[in-house]
Amino acid sequence: MAVPKKKHTKSRRNKRRRNIFLKAPVLTICPKCGKPVLPHTVCFNCGYYKGGEVIDVLKKLTKKEKKLKEKEIAGKEKEEEKEEKSAKKPLSWEELSKSR
Ligand SMILES: [Zn+2]
């Protein structure tokens with residue numbers, strides 16, 4: 001049996017163990033529904049990936065669940081439209097100088 005030749009110090013042991021811990025997953029926000037998603041992964045809330053529908057999320061749901069989900073997705077799209085409208089307002093130099 002292989003036997004260690006020398007004792008490893010606490011320092012050495014702790015250095016080895018300093019990388020043993022759970023890391024929080026890196027999340028991005030789905031551009032379609034705004035929920036946190038793992039990068040390079042299909043969104044499981046709306047089934048979209050890279051701007052196209054990959055999974056039909058509504059297929060397996062019951063009628064009640066379908067209605068709720070459709071409402072949820074439609075509501076978020078409306079919110080996005082509102083945000084875009086407010087963001088698209090161009091800022092003129094006069095307005096910017098007034099605020100200072
Ligand atoms: Zn999504």
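Colleague: Among contacts in the chain between residues at least 6 apart in sequence, what share joins residues at least 24 apart?

Modeller: This is a predicted model. Contact here means heavy atoms within 4.5 Å. Among pairs at least 6 apart in sequence, the share that joins residues at least 24 apart is 18%.

Colleague: Which pattern does the chain follow along the sequence?

Modeller: The secondary structure comes to three helices and four strands. Helix H2 covers residues 63–88. Read along the sequence, the pattern is α-β-β-β-β-α-α.

Colleague: How much of the chain counts as buried?

Modeller: The cut-off for buried is under 20% relative accessible area. The chain has 100 residues. The part that counts as buried is 10%.

Colleague: What geometry does the site of the zinc ion have?

Modeller: The protein donors are the SG atoms of Cys30, Cys33, Cys43 and Cys46. They lie 2.2 to 2.3 Å from the zinc ion. Ideal angles for four tetrahedral donors are 109.5 degrees. The angles among the four donor atoms here are 104 to 115 degrees, and the site is tetrahedral.

Colleague: Is Asn45 buried or exposed?

Modeller: Asn45 is found in the loop between strand S2 (36–37) and S3. Leaving out residues up to four places away in sequence, Asn45 touches Cys33, Lys35, Val57, Lys69 and Glu72. Its relative accessible area is 11%, and the cut-off is under 20%, so Asn45 counts as buried.

Colleague: What separates the C-alpha atoms of Ile73 and Asn45?

Modeller: Ile73 lies in helix H2, while Asn45 is in the loop between S2 and S3. Ile73 touches Lys32 and Cys46, not counting residues up to four places away in sequence. Ile73 and Asn45 are 28 residues apart along the chain, and their C-alpha atoms are separated by 9.0 Å.

Colleague: What is the phi of His40?

Modeller: Most residues other than glycine have a negative phi. His40 is in the loop between S2 and S3. At 73% relative accessibility, His40 counts as exposed. His40 is not a glycine, yet its phi is positive, at about 60 degrees.

Colleague: Why does Lys50 count as exposed?

Modeller: Lys50 lies in the loop between S3 and strand S4 (52–53). Lys50 also has a positive phi, about 55 degrees, although it is not a glycine. Exposed means over 50% relative accessible area. Lys50 counts as exposed because its relative accessibility is 76%.

Colleague: Which residues lie nearest the centre of the largest pocket?

Modeller: About 230 Å³ of space lies in the largest pocket. Strand S1 (28–29) and strand S3 (48–49) each supply at least two residues of its lining. The lining has 15 residues, and those nearest the centre are Cys30, Pro31, Tyr48, Tyr49 and Lys50.

Note on methods. Residues numbered from 1 in each chain as written. Predicted model: local features only at pLDDT ≥ 70, side-chain atom pairs only at ≥ 80, totals over all residues. Heavy atoms only, no water. 1 Å grid on protein atoms, 1.4 Å probe; cavity = no way out; pocket = protein on both sides within 12 Å on 5 of 7 lines; lining within 4 Å. Points joined across faces, edges and corners; volume = space filled by probe spheres on them. Donors = N, O, S within 2.8 Å, 3.2 Å for Na, K, Ca; no water. Tetrahedral: all angles 85-135°; square planar, octahedral: opposite > 155°, others 65-115°. Buried < 20%, exposed > 50% of the residue type's maximum accessible area, 1.4 Å probe, protein only.
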